[in-house]
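Subject: Structure handover

Dear colleague,

Here is the structure I said I would pass on. My notes on it follow below.

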Amino acid sequence: MINIAICDDEVYMLNLLTEKVLGFFKQENMEIAVFPFQSGKALLDCDKKLDIVFLDINMSELDGIETAKRIRQYSYRISIVFVTAFLSYALEGYK
């Protein structure tokens, strides 16, 4: 089983990403569990062993870049996929 977190502070995007991820993995016949979060803080408080995190960069409170930095403090095993509608933020994710 693959544990996937989706983190976006906009409910519409959170639901859309969740739907897309579920559809993709169902098509591939892969067993997954999806955990949605509306903030970086909520994601960091999660006690699940995550394999993949889809992470919005532009969020209020704790942005996606800072959330990813904190994830990396305890795990390099988790794959992080940045999601953003802003081109200016896209390059920041490569740091």
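Four strands make up an open sheet, ordered β2-β1-β3-β4, with parallel pairing. The edges are held by β2 (32–37) and β4; each has a single partner strand, so one side of each lacks a neighbour in the sheet. From one strand to the next the twist averages 15°, angles being taken from 0 to 180 degrees between N-to-C directions of axes, which are lines fitted to C-alpha atoms, for helices over the stretch in contact. Strands (E, at least two residues) and helices (H or I, at least four) are DSSP runs numbered from the N terminus, and two strands pair if DSSP finds at least two bridges between them.

Please note that this is a predicted model: local features need pLDDT of at least 70, side-chain atom pairs count only at pLDDT 80 or more, and totals for chains, interfaces and linings use all residues. Residues are numbered from 1 along each chain as its sequence is written, and side-chain values use heavy atoms, with hydrogens and water left out.

Overall, the chain has four helices and four strands, which follow the pattern β-α-β-α-β-α-β-α along the sequence. Of its 95 residues, 37% are buried, where buried means under 20% relative accessible area, exposed over 50%, and partly exposed in between (1.4 Å probe, protein chains only). The accessible surface of the chain is about 6200 Å², and carbon and sulfur atoms contribute 53% of that; the areas come from the Shrake-Rupley method with a 1.4 Å probe, and for residues only the protein chains shown count as cover. Among contacts (heavy atoms within 4.5 Å) with a separation of 6 or more, 64% are between residues 24 or more positions apart.

Now the strand pairings. β1 (residues 2–7) is joined to β2 by six bridges and to β3 by four. I4 has V34 opposite in β2 and I52 as its bridge partner in β3. I52 in turn stands opposite S79 of β4, and five bridges link β3 to β4 (residues 79–83).

Strand β3 (residues 52–56) is largely enclosed by the rest of the structure, because five of its five residues are buried. In a regular strand, side chains alternate between the two faces of the sheet. In β3 both faces are covered, with I52, F54 and D56 buried on one side and V53 and L55 buried on the other.

As for the helices, α1 (residues 11–27) lies across β1, β2, β3 and β4 and runs at about 170° to β2. Helix α3 also packs on the sheet, where it touches β3 and β4, and its direction makes about 175° with that of β4. β3, α3 (residues 64–74) and β4 form a right-handed β-α-β unit; right-handed means that, with the strands pointing away from the viewer, the path from the first strand over the helix to the second runs clockwise.

Two local points remain. N3 sits in β1 and is buried, at 16% relative accessibility. Leaving aside residues up to four places away in sequence, N3 touches A33, F35, K49, L50, D51 and I52.

There is one aromatic pair in the structure. The ring centres of F24 and F25 are 5.2 Å apart and their planes stand at 90°, so the pair is edge-to-face. Rings of Phe, Tyr and Trp (its six-membered ring) pair if their centres lie within 6.5 Å; planes under 30 degrees apart count as stacked, over 60 as edge-to-face and the rest as tilted. F24 is partly exposed at 44% relative accessibility, whereas F25 is buried at 9%.

Regards
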